[in-house]
Each structure stands twice: as C-alpha cells, then as structure tokens.
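Welcome, and please have your viewer ready.

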Amino acid sequence: MNLTQAEINRSGYKLPAAPIDSWRIYDENDPIPGYFQFDWLSSRHPDLYHQFALSTVGLMKKLHTLIDLTDLVVLDIGAGTGRSSMGAAEKAKRVFAVEYYQSVALFGKSQLQQAHATNVHYINADREHLPLPDNSLDVVINAWAELNPEEAWRTLKPGGHLIQLGAVPNALCGELTSLLAPDYAWLPKDCAPLEVFEPGYPDTHTTADNSIWNGIPVTGSINIQQFTYVADYQDYSEAACMLGRLYGPKARHYLMTRKQSTFAWRLQIIIGQIKK
C-alpha cells in the first residue's frame, strides 16, 4: 500500500505499517516518508527502524554499567520497537514501554513474543499524558526520543532516576554527521571530530551541579557519560541500504564505496535523580 505524505499526516499515530522490507523500494530523490523523518519512518517501516537501531543496544549495555536496574520498575518513554525496553528488562522487575504509534507498538509486541519476554508491557499512549499513577516508578528512561519532563517527574518516586540516552549533540548522525551537515540546516555545523568515532576512543564522564534539569528539581549531581559505540550490521550492502533510506544517497554511497558494514556513534547517557 502506497501512501502520500498528506495521507501519512492524516493517519497520525494510527498509521498502518507497510509490508516487511517494502522500505527497500522508494524514489531516492523524493522518498515518502522523507529522509530523517524518523517518526513517520518508524511508524511506516518499523522493521527498518528495528534493524537500524543497534545504537540503542549499545546505550543499554553501557547503562547497565552505570546504574543497577535490578528489581526496579522502569518506564521507557518513546519505546519504539522495544530495543531499549528489552535492554532494561534484562535486570528490571517490570518495564512499561510507552509508544504513541500503534504500528510500532504492535511490532514491538511481536519482538517480545519472539523473545518470550514477560516483564515488558506496551502502553499505546502519549508522552504528554502518561497513564500511570503519581510516584509509581523507580526509573524513567527515554532513548532517542522526546519526553515531557513534568510528566516523567510526576510518575517517578521521590529519589527516582530520570535517564536520557542518545547521541552527543554535535554527532546526531554518528560518523556521517560532518558529511551530511552541509545539506541539512538543522544539523550542527560544529561537528564532532572524526577521531571520536574510532573504536577505543576514551569514555568521558562529567557532572553538572544543577538543582533544576529540564525544568524539574533534581538532587545531587547530574551525571553525563559519553562513549563510542560501533554498530556492526555484518553486511555492508545491507548497512548501505538501511542508512541510505534513512539518511539519503550520500549515506548509501559512503558505506558502499568503503564496503563498510559498521557504523560508529559517539553516544551520551545523562542521569539525574529527581527531587520531591
């Protein structure tokens, strides 16, 4: 089923998923959904987004070295196809995976069934109105997603942790950031140096002693961990195909000419303990 961009907009969060692998056929000069439109891309092609999202695996592996989620109740806002929720569920007692797009939540549930995971529960809801009680959660995470900080604060117990996971601000497209920045005005022009994407580049840990973070009160220091993670897609043509659909022909050409199946990220985890 082909949809125009207008039809996608009208469908909103109820947009149906396209058939598996249908993202491989598109107009390279005028794709629908367009490049970088991750909400629409993931809702229309959750299988593409799930295959691509190996950076989230790296984020969750690192998170487990920074905080112990054992026996905690975790909320994952903007859970997507479930990679972050599944990562949290390795230790957590229970994970609530909030996802606005129905097609994405359905795909995520299918992944849970395949993995026989019983402690992750999808909730089809909006981050602006979380259907969870006040003071009911130990940890709120959001990976590559936006959140409503006040809603996160409301649902967290006193002393609970709010955790944001994603790329460092000057490397939003990983090792391709400097290549793509001239073509997209919203990308930072002061891109991270290429050396930070080398395997083994040192981690950095900093703290910010703020009493307010994202408009909500926190106690103690905000901890910021930055590290390099290299995702390996095994097959360079497959990696080029995925990155090309998400980021455009420059990305596809970059991986194809190098015959490169890996993709490096400089990632960041920010952890704050909320105050009530």
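Helices (H or I, at least four residues) and strands (E, at least two) are taken here as DSSP runs, numbered from the N terminus. Residue numbers start from 1 along each chain as its sequence is written. This is a predicted model, so local features need pLDDT of at least 70, side-chain atom pairs count only at pLDDT 80 or more and totals for chains, interfaces and linings use all residues, while side-chain values use heavy atoms, with hydrogens and water left out.

**Backbone**

Most residues other than glycine have a negative phi, and most peptide bonds are trans. Asp-21, in the loop between H1 and H2, has a positive phi near 70°. With a relative accessible area of 33%, Asp-21 is partly exposed; the scale calls a residue buried under 20%, exposed over 50% and partly exposed in between (1.4 Å probe, protein chains only). His-116 also has a positive phi, near 55°, and belongs to the loop between helix H6 (102–115) and strand E3 (120–124). His-116 is exposed, at 69% relative accessibility.

Which peptide bond is cis, with omega near -5°? The bond from Ile-32 to Pro-33 is. Pro-33 sits in the loop between helix H1 (5–11) and helix H2 (38–44).

**Rings and charges**

A pair of aromatic rings is described by the distance of the centres and the angle of the planes. Rings of Phe, Tyr and Trp (its six-membered ring) pair if their centres lie within 6.5 Å; planes under 30 degrees apart are stacked, over 60 edge-to-face and the rest tilted. The whole structure holds 16 aromatic pairs. Tyr-13 and Tyr-100 make a tilted one, 4.8 Å centre to centre with 40° between the planes. Because Tyr-13 lies in the loop between H1 and H2 and Tyr-100 in the loop between strand E2 (94–99) and H6, this pair ties together parts that are 87 residues apart in sequence. Tyr-13 is partly exposed at 30% relative accessible area, and Tyr-100 is partly exposed at 36%.

Elsewhere, ring pairs link Phe-36, Phe-38, Tyr-49, Phe-52, Trp-144, Tyr-184, Trp-186, Tyr-247, Phe-263 and Trp-265 into a cluster.

Charges over rings come next; NZ of Lys or CZ of Arg must be within 6 Å of the ring centre and within 35 degrees of the ring normal.

| Charged residue | Ring | Distance from ring centre |
|---|---|---|
| Lys-62 | Phe-227 | 5.1 Å |
| Arg-245 | Tyr-26 | 4.7 Å |

Lys-61 belongs to helix H4 (residues 54–66) and is exposed, at 55% relative accessibility. Its C-alpha atom is 9.1 Å from that of Ala-88, 27 residues apart along the chain.

**The largest pocket**

On a 1 Å grid over the protein atoms alone, a pocket is an open set of points where a 1.4 Å probe fits, with protein on both sides within 12 Å along at least five of seven lines; lining residues have an atom within 4 Å of a point. Grid points are joined across faces, edges and corners, and a volume is the space filled by probe spheres set on the points.

The largest pocket has a volume of about 1,200 Å³. Of its 43 lining residues, Tyr-49, Ala-143, Trp-144, Ala-145 and Glu-146 lie nearest the centre. Tyr-49 and Trp-144 also belong to the ring cluster. Strand E5 (156–167) is among the elements that supply at least two lining residues each, and E5 gives the largest share, four residues.
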